[in-house]
Amino acid sequence: MRIDIVTLFPELCDTFLSASILGRAREKNLFEAHCHQIRDYTKNKQRQTDDYPYGGGCGMVLYAQPIADCLREVQRQCEEQGRARPHIVFMTAAGQPYNETTARRLASYDSLTLVCGHYEGIDERVIEAFGDEEISIGDYVLTGGELASLVVADSVLRLQPGVLAEEKGYEEESYWDGLIEYPQYTRPEVWEGRAVPPVLLTGDHNKIDAWRGQRSRERTRLRRPDLYEAWCESHPIARIPRWKRSERAQLIRTDAQFDAAAALLTGEQGEECAAARENLMAKRSAGWAFYLHSMGETPDALVGVCHKTGEIAQLFVKSDAREQGIGTKMLDFALKKLSEHGSPWLNVENSNTAAIGLFRRMGFVPDANEDKGENLVMRYCGKKTEKL
Ligand code: SAM
């Protein structure tokens, strides 16, 4: 890839592109970078690059002509190299917001040219004549486009093959899949009394991946609800994992099954367990049906459905059985049991990120009419799922 930056401060941009990871990659010719001085293309004696704005107002505006001539020179050089016509981006505070999706798109061009404004900006006519797009790196105003163009150059160039030491290292990072990254830790194991999460020391990569995925979704939901919404939308659970031979969901009828369900929910045998048992029994008397999931002999998940109201509750998967699709299967099972209801619904704690994510991806949406404070009511809106 060839990247060109058109600027009043080429040295500044060049220094950045020669340092650290990008500098090493540039030395290895993994990309080509050229920083052009706009002033070199002026045609007036004073080599002046800007003038007062028509219509008055404060500040100065960059002339169209030197920028246009500089861009023509970049186009000529690209043609001489047998490259495609460069994709030209003007860095402006009024441009489209920049993100990782745009970085990936820009990374696919063979030649990318970034134009930096300064003072009050650039004569609009050169943007109209040459610009393929305008990009803003955020909702704030910088004194010049250099930092913005370097942000774009850095995020685009790190995606070029060979630039990062680990091939595809960027695929696990924030925004790649629409989520922000899980927290990272390095030595020592305990720093100032703070220990590394134990799962990261197990060497069990399935467990580590599951933990990272869960933390990533949780962080995104808490810090960037906008991204999380979009992620759930774009990652529907369209396929229900296949039930294994040893797997079954049984209607709870016997005392022993109620004991097992209460123990599963509370993880113990004491008073709390007795209360949970009472609660399940009372609900059964009120028309609920509970199903216990087991893999072989051991119960590891539970779900309850109420045929009268269409409510689903007590969806619970034992902690060591999570991240295996059991929750998804049991929710699908519950929906099928309630097939007579147009939109089964459930109540979930607002803080239960993992459950909310699962429900959203299964086609549940928050019910705008039901504001229950710390709880969220979600209704199934009937997305189609298919068997794996
Ligand atoms: N008058 C302009 C406005 O109100 O939108 C701001 C001009 S700014 C002081 C000077 C230059 O900095 C712009 O021409 C642009 O190249 C760059 N710049 C400022 N903020 C930016 C942002 N958020 N993203 C990209 N470029 C920006």
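Modeller: Glu192 sits in the loop that links β8 to β9 (194–195). The model is predicted. Glu192 is not a glycine, yet its phi is positive, near 45°. Its relative accessible area is 66%, which means that Glu192 counts as exposed, the cut-off being over 50%.

The loop between α6 and β8 (190–191) holds Pro188. Here the peptide bond between Arg187 and Pro188 is cis, with omega about 0°. As background to both cases, most residues other than glycine have a negative phi, and most peptide bonds are trans.

Asn29 is another non-glycine residue with a positive phi, about 60°. Its place is the loop between α2 and β2. Asn29 has a relative accessible area of 64% and is therefore exposed.

The largest nonpolar core has 30 residues, and Leu17 and Leu114 touch the most other members. Both α2 (20–27) and β2 (32–37) give two or more residues to this core, as do β1 (2–7), α1 (10–17), β5 (87–97), α4 (100–107), β6 (111–116) and α6 (146–157). The top contributor is α6, with six residues. Beyond its neighbours within four places in sequence, Leu17 contacts several residues, among them Leu22, Gly23, Arg26, Phe31, Ala33 and Cys35, and also Leu150, Ala153 and Leu157. In general, nonpolar side chains of soluble globular proteins tend to be buried together.

How values were computed
Residues numbered from 1 in each chain as written. Predicted model: local features only at pLDDT ≥ 70, side-chain atom pairs only at ≥ 80, totals over all residues. Heavy atoms only, no water. Core = buried A, V, L, I, M, F, W, Y, C linked by side-chain atoms within 4.5 Å. Buried < 20%, exposed > 50% of the residue type's maximum accessible area, 1.4 Å probe, protein only. Helix = DSSP H or I, 4+ residues; strand = E, 2+ residues; numbered from the N terminus. Contact = heavy atoms within 4.5 Å.
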